[in-house]
Amino acid sequence: MIVGIVLTALNLRPAITSLGALLEEVRTGLGMSGSVAGLLTSVPPLCFALFGVMAPRLARRFGPTAVVCAGMVAIAAGLLIRPYAGGTAGFVAASALALMGIAVSNVLMPVIVKRWFPDRVGSMTGLYSMALALGTSCAAAVTVPMTEALGGSWRTGLTVWALLAVAAVVPWLPLLRDRDARSAENPRRASGSVRGAGGAPGSSRGSGGASGSGREAAPVLRITRSRTAWALAVFFGLQATAAYITMGWMAQIFRDAGVPAGTAGLLLALTMVMGVPLAFVIPRLATRLPHQGPIVVVLGVCGLLGYGGLHLAPAQGAWAWALLIGISNCSFPLALTMVGMRARTGAGVVQLSAFAQSTGYLISIPGPLLVGVLYQHSGGWGLPLALMAALMLPQIAAGVLAGRDRLVEDEAAR
């Protein structure tokens with residue numbers, strides 16, 4: 001199970017960051033405009049918003065182990081098909097297949113960790129987070145040199161990541177019959193566990209009406225009445241916007257500034273790998289502060305400095321800008337930590353998490369597309385970088401509001 005968790009986490013971002021490293025070659029090979037390439041970089045958050053909400057229902061029907069295994073199969077199939085799909089539409093469709101597998105696995109991995117390692121949730125989540133960041137950064141760093149070593153074709157360079165997804169399928173196969181058979185013997189526990197971690201509130205009471213008992217045990221909050229919930233959703237959405245713009249476009253920004261393709265991939269890898277140590281530091285610091293606003297401001301200022309540096313001296317200070325943007329992108333673990341701090345009950349956390357993430361991913365969809373449009377029509381990176389810096393200001397404001405010591409249950413009641 002540990003091997004399966006680690007291999008799954010390693011596969012949750014290479015489909016995105018490997019494409020970012022070779023985006024120029026893909027655009028040329030498929031005849032994409034900048035606007036279409038921007039649409040392509042908007043596909044990940046769209047798929048996460050659409051397919052992620054399906055994960056709890058699928059897990060209740062088939063079991064979380066089976067769904068994650070199927071997710072790895074979908075990633076492998078999508079990565080194998082998309083370079084040879086024959087055009088932009090096929091490339092996008094195959095990418096969506098891989099992203100669907102990522103979306104459901106992303107949602108269900110915490111469920112599996114809690115079910116299999118209930119007394120080691122923190123350590124296993126840390127291992128899972130490190131593997132995810134490692135897969136993200138490695139795909140950015142090695143895709144270009146690996147493509148060159150394999151003959152220089154971008155199709156080969158993207159396809160090879162399907163092998164990692166195939167390897168991730170293997171550990172789940174012997175676990176399907178064992179764990180899901182035990183879940184079938186105790187359906188109440190399985191249903192309650194998946195519900196509680198994935199979406200709708202769950203309960204272990206009653207044998208024939210898990211859905212109904214869950215509603216009785218945890219009445220749904222009118223979460224849209226909470227200002228804190230909306231602030232957290234906006235903060236989550238804007239940090240996701242910055243993250244997907246970075247994964248999709250940052251290597252291209254450096255390459256257009258004259259940085260070699262291999263070095264641009266390493267710079268993107270540096271940005272992504274900052275999530276490994278800071279994912280441990282930031283949540284611990286956040287829980288010790290009564291107001292998380294100061295952390296939000298520090299991360300936002302790092303982003304502003306990084307985007308300003310990319311505009312003024314993209315090649316000369318490339319490593320410094322990559323480092324600063326990497327620190328800024330660690331708003332993601334802060335957002336997840338605040339979700340847990342802004343609700344009083346477990347059911348409140350579930351509802352707040354579902355609202356903040358689904359709304360946030362919807363907010364993040366236009367950003368990468370708009371960057372592509374601005375890049376195509378302006379002929380440079382001045383306007384896109386100005387947009388990225390401008391979005392950092394409402395992100396800071398929303399994060400400061402979300403960081404106040406408030407509880408969504410109290411605000412929803414009022």
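**Cavities, a helix and a buried threonine**

Student: How do the residues lining the largest cavity divide by class?

Tutor: There are eleven nonpolar, four polar and one charged. Nonpolar here means Ala, Val, Leu, Ile, Met, Phe, Trp, Tyr, Cys and Pro, while Asp, Glu, Lys and Arg are charged and the others, Gly among them, are polar. This is a predicted model, where local features need pLDDT of at least 70, side-chain atom pairs count only at pLDDT 80 or more, and totals for chains, interfaces and linings use all residues. Residues are numbered from 1 along each chain as its sequence is written, and side-chain values use heavy atoms, leaving out hydrogens and water.

Student: What volume does the largest cavity have, and which residues are closest to its centre?

Tutor: Its volume is about 150 Å³ (the space filled by probe spheres set on grid points joined across faces, edges and corners). Of the 16 lining residues, Ala15, Ile16, Leu19, Leu40 and Pro44 are the closest to the centre. A cavity is a set of points on a 1 Å grid over the protein atoms alone where a 1.4 Å probe fits but cannot get out, and lining residues have an atom within 4 Å of a point.

Student: New topic! How far apart are the ends of α22?

Tutor: The end C-alpha atoms of α22 (residues 382–402) are 31 Å apart, which agrees with the 30 Å its 21 residues should span at 1.5 Å a residue. The expected span is 1.5 Å times one less than the number of residues.

Student: Which of its residues are buried, and what covers them?

Tutor: Pro384, Met388 and Gln395 are among the buried residues of α22 (buried means under 20% relative accessible area with a 1.4 Å probe, protein chains only). The cover includes α14 (227–256), α17 (293–312) and α21 (366–378).

Student: Is Thr136 buried or exposed?

Tutor: Thr136 is buried, because its relative accessible area is 5%. Thr136 lies in helix α8 (residues 121–149).

Student: What does Thr136 touch?

Tutor: Not counting residues up to four places away in sequence, Thr136 touches Arg13, Thr17 and Met272 (contact is heavy atoms within 4.5 Å). Thr136 and Ser18 are 118 residues apart in sequence, yet 8.5 Å apart in space, C-alpha to C-alpha.

How values were computed
Helices (H or I, at least four residues) and strands (E, at least two) are DSSP runs, numbered from the N terminus. Buried means under 20% relative accessible area, exposed over 50%, partly exposed in between (1.4 Å probe, protein chains only). On a 1 Å grid over the protein atoms alone, a cavity is a set of points where a 1.4 Å probe fits but cannot get out, and a pocket is an open set with protein on both sides within 12 Å along at least five of seven lines; lining residues have an atom within 4 Å of a point.
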